[in-house]
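Please open the model in your viewer, and keep the sequence panel beside it as we go from one selection to the next.

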Amino acid sequence: MGTAVTHAPAMEDLTEDSEPRHGPVNSAGSAALKRRGRRENLAGYLFMSPWIAGFLLLTAGPMAASLYFAFTDYNLFDAPRWIGLDNFSEMFADPRWRHSVRVTLWYVVVGTPIKLILALGVALLLAQKRRGQAFYRAAFYAPSLIGASVSIAIVWKAIFSDDAAVDRAQRFLGFDAGGWAGDPDMIIYSLVALTVWQFGAPMVIFLAGLKQVPRELYEAADVDGAGKLRQFWNITLPMISPVLFFNVLLETIHSFQIFSSAYIVGGGAGGNACGPADGSMVYTCYLYVQGFENSRMGLASAMAWMLLIAVALVTAVLFWSQKRWVHYEEDAR
Amino acid sequence: MQQGRNVERRTVLKAAGASLAVAGLGATATACGGGSGSGDGTVTIRYAWWGAQDRAERINRTIALFEKKFPKIKVKTDFQPYLDFWKKFNTQASGGNPPDVFQNAIGFLRKYDAKNVLLDLGEQVKAGNLSMEGFRAGLEKFGEIDGKLLGVPVGSNSMALVIDKPVYTRAGVKPEMGWTWDDFDEAMKKIRDRTGRAGDSGMYGVMYLYDLYLRQNGKAFFTEKGLGFTEADLTDWWTKAEKGVRAGLYADARKVAQIKPKSALSAELAGSEFTWDNFTVRYTSEGKSEYGLAPIPTTDGKKTGQYLGSLMLSASRRTQHPEEVAQFIDFMVHDPEVAKIMGYDRGVPATQAQYDAYRPTDPVNQAIAAYEESLVEAGVLETITPHPAGADICEAAFLRIAEELALGKRSVDDAVKQFFTESKTALGS
């Protein structure tokens, strides 16, 4: 409908003005169309209004405010005091901040690839027709529905504590390393395990991608005598590369934002640490500590913007790299 | 057809308008939430505290009593665990919407006074809505900062060594008033050797205990403006800690980290723990063993450096009902029935009237009373030293960095440096 209005030539406007009511049928029709178009736009905006209001009040407004706070010393109580780039220089000089960056990067770099490889592997298995296929898909997908919840994080901590499931399994296999939840160096891997366990979401996207690959390509490859591995490498992977790119992008950004599971598994109960010796002090947790426990909202805002910039840079690099390895169908033809 | 579609459009527009109206209504509804007065003269005040479910049930019963006696005042309640409480309070207070009356402690008085959050209750005392008469042991002075009455004590407590009684008996250790740090070290060894359990849960990270140790040596953790000890002092304290952790005298920090928020004592990882004496109430409900109180070790055989700590009730400066808030606090600290309900949950009652009204019958509360009385008899109690703004952040950093030391993630020198750096930022010096 909207397009009909925009395509109406300017001349018709004149006709409408001179003969508003009694003009030719088609001209009156176009005026009515136009009115209807406007009303439809209005209705559209009215329907969107709760969302627009929410976006302006709850997202855009606070973001603008936090951009301002990032350059101020703001403790929530006194008026923000402009300090220029001091927050950023303090941040870079703070060993705890650097530690949180290291922990987060490690989590992203280790967790994301494992999760995606597992998701793709299982998707390949489930793409073939077999009995109970729907059940398996649902079963593998389920963890990603509940994985972000607080209760799962609490259970996770219990599983990785001393004398719990993981510790016992380790001892059964012959090494006594203790539970991961109390180990400053291992606790981050329990979080990696938690994110890997939620591979169901990217798996479903991979499954959708695999369905799009034309079967005749495999048939042709079979005729040419290509093995399964070769087929995967030369047909499947290039054909699903847009889906792979989408998953890499989504999971990377998602990983950078890890908060609640780290906060809960780290059990910030004593002091303002997160995990033993800050073992699970990921970036957002430290941001939270600075903002809400130490009441340093200016510094916390600066940290938030730093994270945004970092994620934007990583995203930009991924987009730049896709030219080299992502094949869209248009290119193929 | 055309007609029908127009009607549809109209309905659509109406529906869209309605959804906007609903969103708008939602906004006004939240905006109205702040009001607390109503037509018939009934006033609602908001009361928030930190604590567990057990404390909440007791407090709710005292509020029911209060509302019966003051039918024109309604009390809305809110509670969280300690750390969450302050996060929520910070957010509310900075948004200009703090609870009218709330639980407070000495370490926060200066901090929130500097931020103009606390009401000077002195005015209400003059107006006769709040009595500061009848407090025990000079407690009426506890909430006074620079001549302003910022908090009214509800109870007093003091640091103690909370012990797992059967473990101490099995190890053959009997702590007595005036025992020294050497005796204490010896006791830790005996417990480790004879019961196979660490003697202590992690005394090296307890700011209030280190404060006592410093006071025994003529110093203190805080001065008016900053830290009251040197890097060399802390190096000594944490060097001893590191040795103790390695020797198994103190609980394995890795295990302690996993059982949080449960305490290492009630989780049977250690035979004792330095903390506030009223914590035995909590540990008894948390753990399976029997818990008792032992005196703080001394340097010279006499001085423990102890002082009374206190939980208080404070009012916010923003309250629209200072009179009702003062009446509420007055009721909570003086009414004998309140004492019978609360017991020693927030320490030994602050006023003589409440102290007399509640005579404990169970062994846990009896032990607390006996312990507090023994301190008075021994004459070891001194006056409290100030807690500057930022003291709470220093306390958290002290605990966290000590834990990192115990986990082997920091050397002693590194830990000391880190603590001094962080506390300088927190104390703004």
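The pLDDT is the predictor's confidence in each residue, on a scale from 0 to 100, and it belongs at the start of this tour since the model is a predicted one. Select chain A and colour it by this score: the average is 85, and 89% of the residues score at least 70. Where pLDDT is low, the predicted coordinates should not be read in detail.

Next, show both chains and turn to the place where they meet, with 31 residues of chain A in contact with 28 residues of chain B. On the side of chain A that touches chain B, select α3 (25-69) and α15 (283-293), each of which supplies at least two residues; α3(A) gives the most, with 9 residues. Coloured by class, this side of chain A shows 15 nonpolar, 11 polar and 5 charged residues.

To see the contact itself, display side chains including Leu234(B), Trp238(B) and Glu242(B) from α9(B), and, from α17(B), residues among them Val416(B), Phe419(B) and Phe420(B). By class, the residues of this contact between α9(B) and α17(B) comprise 7 nonpolar, 2 polar and 3 charged.

Terms used: Residues are numbered from 1 along each chain as its sequence is written. Chains are lettered from A and ligands numbered from 1 in the order in which they are written. This is a predicted model: local features need pLDDT of at least 70, side-chain atom pairs count only at pLDDT 80 or more; totals for chains, interfaces and linings use all residues. Two residues are in contact if their C-beta atoms, placed from the backbone, lie within 7 Å. Helices (H or I, at least four residues) and strands (E, at least two) are DSSP runs, numbered from the N terminus. Ala, Val, Leu, Ile, Met, Phe, Trp, Tyr, Cys and Pro count as nonpolar, Asp, Glu, Lys and Arg as charged, and the others, Gly among them, as polar.
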